[in-house]
Amino acid sequence: MKFEGDGGHGDDTKRWRRGSIPCVPEPDPRYGARFPWPFAWTSGTRQPPLNPGDMANLHERINHLRPRWFEGFQLNVTKGCGVNRTLGASWNLSHVTPSGFRFGGHFHRRCSDTVLTTPLVAFDVNPTTLCSNLLLLYRPVRAVGLELSLQLRPGAPPFVDEVSLQYTGLSRTSTVRCSTPGTLDSYRVGVDHLVSLNDRLCFGVELLCECYRGVHNTNVAFAGRYNRETSTLAATVSPEAFDLSYWQKVSGTLQLGSSIIVNQRQNRALGSVCYRLEHEDTVIRGSFDSDWTVGFTYSRKLTPAAFTACLSLLFCVPKNTFQCGFRIDLDSNLLDSVTISGDIWLSWKQIHPSKMVYS
């Protein structure tokens, strides 16, 4: 029986039962004859380029793995005096670095997101000689930052270690740096520009002008970096030097890195392999250089004692030298956390006295 208004589907049903009409529909001609009909065209997504940082931090990931060597005994104490206010003191006994006591800190009043409405001031003073290091960092707007590093000595004019002006865009960074080693006939000026092509690849160029006792030298360097979630490859090339580094995240606790540096002016080449191993409250850094320098640092945070202990060992085979250092870092934040946990434990003992076991 055929009803009116069915569009002739009754005859099509009979033809389908007899096998004259295939059960698979014909593909849509808009997508091509070979494109499967159940799929559809969709527009892809692309992540915009990120800010690449500056040229000074191009090899930051490999530098983060390198051990920080020290020799002798060091005691560092840090005290937080409120929001954005920190004071610290250090005592050093060493045959390599100057021994003595130093104190310092950093201070800034107001900060809104990435804008420093007031300058950040960091200082480090030697009470014996009254020589001090002063660092000023000011970012009045989000895209412009100014940094000034000074060395102050009694009875002498301030020594400008470095002054830099940096512009930070959405996908590019431009920096101008200037430093004077103490005399007016010696200076160093550098201009670099780093831009991201996408979220993984960035390229940059740096122009460096140097003058030492009236002898001028100008050099240009090109740099590039390729980032992934678990690996990074960075390179810096100039007519007189070459720097190549590779970083790999093997697991959640182990990071490996290798680098090679060739300097034609110093007629020297150096290759190194370094690692960083992290466990709960423990960080181990180690390195092995091609000049047969081997060493590592072991740092462990002792929460019940509220301090961090660090051990440094360095052995150089060609010079037949060995350096050993031990450092203690005491942070007031750890003391506060121990005090808070102790108060909680005391309150729990008062509430549940029957659950306490006495020895």
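Author: Two strands are said to pair if DSSP finds at least two bridges between them, and strands (E, at least two residues), like helices (H or I, at least four), are DSSP runs numbered from the N terminus. The model here is a predicted one, in which local features need pLDDT of at least 70 and side-chain atom pairs count only at pLDDT 80 or more, while totals for chains, interfaces and linings use all residues. Residues are numbered from 1 along each chain as its sequence is written, and side-chain values use heavy atoms, with hydrogens and water left out.

Reader: In what sense do β6 and β7 pair, and over how many bridges?

Author: β6 and β7 are antiparallel, and their pairing runs over eight bridges. Leu148 stands opposite Val163 of β7, and in the hairpin of these two strands, with six residues between them, Gly155 takes a positive phi near 75°.

Reader: How many bridges join β7 and β8?

Author: There are six bridges between β7 and β8, again in the antiparallel sense, and the hairpin that they form has three residues between the strands. Ser164 has Arg177 in β8 as its bridge partner.

Reader: Which residues other than glycine have a positive phi?

Author: Leu130 is one of them, with a positive phi of about 60°, and Asp281 is another, with phi near 65°. Leu130 lies in the loop between β4 (120-125) and β5 (132-141), whereas Asp281 has its place in the loop between β15 (268-279) and β16 (282-289).

Reader: Is Leu130 buried or exposed?

Author: The general idea is a scale of relative accessible area, found with a 1.4 Å probe on protein chains only, where buried means under 20%, exposed over 50%, and partly exposed in between. Leu130 counts as exposed because its relative accessible area is 55%, and Asp281 counts as partly exposed because its relative accessibility is 36%.

Reader: Where is Ser231 found, and what is it in contact with?

Author: Ser231 is found in strand β12, and it is buried because its relative accessible area is 13%. With contact taken as heavy atoms within 4.5 Å, and leaving aside neighbours within four places in sequence, Ser231 is in contact with Arg61, Tyr226, Tyr246, Trp247 and Gln248. The C-alpha atoms of Ser231 and Lys249 are separated by 6.2 Å, although these residues are 18 apart along the chain.

Reader: How much space lies in the largest pocket, and which residues lie nearest its centre?

Author: Rolling a probe the size of a water molecule over the atoms shows where empty space is left. On a 1 Å grid over the protein atoms alone, using a 1.4 Å probe, a pocket is an open set of points with protein on both sides within 12 Å along at least five of seven lines, and lining residues have an atom within 4 Å of a point. Grid points are joined across faces, edges and corners, and a volume is the space filled by probe spheres set on the points. The largest pocket holds about 930 Å³, and of its 35 lining residues, Arg188, Glu206, Leu208, Ser238 and Ala241 lie nearest the centre. The largest share of this lining, five residues, comes from β11.

Reader: What lines the second largest pocket?

Author: That pocket has about 260 Å³ of space, and of the 16 residues lining it, Asp54, Leu137, Glu147, Ser164 and Gln166 are the closest to its centre. The strands β5, β6, β7 and β8 each supply at least two residues of this lining.
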